[in-house]
Each structure stands twice: as C-alpha cells, then as structure tokens.
Amino acid sequence: MLSCREVCEQAQDFADGRLGPLARARIRLHLLMCRNCTSFVDQTRQTGKLIRSTLSRQQGSKVSPELMAAFRRKTGDDATD
Ligand SMILES: [Zn+2]
C-alpha cells in the first residue's frame, strides 16, 4: 500500500499517463481508500490540462500572469482569497 506522500509524488506522472500498469494500479488502489489523494490527483489532472491547453494556444510564449493566478488558486497556495 502506497503512502499519501508517495501518491502525491507520482500524481503528475499518473495524471499524464506516464506510469506503468503496476504503478497505476497501486495508485488507483490507494485512491479508492483515500479522498485526500483522490482530490489531489483530480486537481493535478485539471491543472495540467489547463496549462497544456493554454501553452498550446500560446505556442512557446511565456505563461501568463492570469494562468499563474489560476494555477495558484487551484493548488490552494493563495489562501488569502
Ligand atoms: Zn492518500
């Protein structure tokens, strides 16, 4: 059984589909039992999608401040809001 920390460390690779079948199965098993990691992986997936779609539209230009703000809101860094 993976720890929450291990799941968080692999969340980005999991969301991007870069993990092997065994690693994916272990994370899925953890997610079945852990709501915190489920929402963390969800956020990682959503944030990755947002960044990829914006980057593909901007084609090599810098990440916009608006996107960074959205990213921070998603990841909960901006707790003052
Ligand atoms: Zn967990």
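Modeller: Let's start with a term: a residue is buried if its relative accessible area is under 20%, exposed if over 50%, and partly exposed in between, using a 1.4 Å probe and protein chains only. This is a predicted model, in which local features need pLDDT of at least 70, side-chain atom pairs count only at pLDDT 80 or more, and totals for chains, interfaces and linings use all residues. Residues are numbered from 1 along each chain as its sequence is written, and side-chain values use heavy atoms, leaving out hydrogens and water.

Colleague: Thanks! Why is T44 called buried?

Modeller: T44 has a relative accessible area of 10%, and the cut-off for buried is under 20%, so T44 counts as buried.

Colleague: And why does R24 count as partly exposed?

Modeller: R24 has a relative accessibility of 27%. R24 is found in helix α2, residues 21-33; helices here are DSSP runs of H or I with at least four residues, numbered from the N terminus.

Colleague: What is R24 in contact with, leaving aside its neighbours within four places in sequence?

Modeller: F14 and L19. Contact means heavy atoms within 4.5 Å.

Colleague: Back to T44: what does its side chain reach?

Modeller: The side chain of T44, a residue of helix α3, reaches the backbone oxygen of F40 at 2.8 Å. Not counting residues up to four places away in sequence, T44 also touches A11, Q12 and A15.

Colleague: Which residues make up the largest nonpolar core?

Modeller: There are 10 residues: L2, V7, A11, F14, L19, I27, L31, C34, C37 and V41. Such a core is a set of buried Ala, Val, Leu, Ile, Met, Phe, Trp, Tyr and Cys residues joined through side-chain atoms within 4.5 Å. Two or more residues each come from α1 (4-16), α2 and α3 (35-58), with α1 giving the largest share, 3 residues.

Colleague: What does V7 touch, not counting residues up to four places away in sequence?

Modeller: V7 touches L2, I27, H30, L31, C37 and V41.

Colleague: How do the axes of α1 and α3 cross?

Modeller: They come within 9 Å and cross at roughly 35 degrees. Axes are lines fitted to C-alpha atoms, for helices over the stretch in contact, with angles from 0 to 180 degrees between N-to-C directions.

Colleague: Which residues make that contact?

Modeller: From α1, C4, V7, C8, A11, Q12, F14, A15 and D16; from α3, C37, F40, V41, T44, R45 and R52.

Methods
A polar contact is a pair of N or O atoms within 3.5 Å; within protein, one must be able to donate a hydrogen and the other to accept it, and residues adjacent in sequence count only if both atoms are side-chain atoms.
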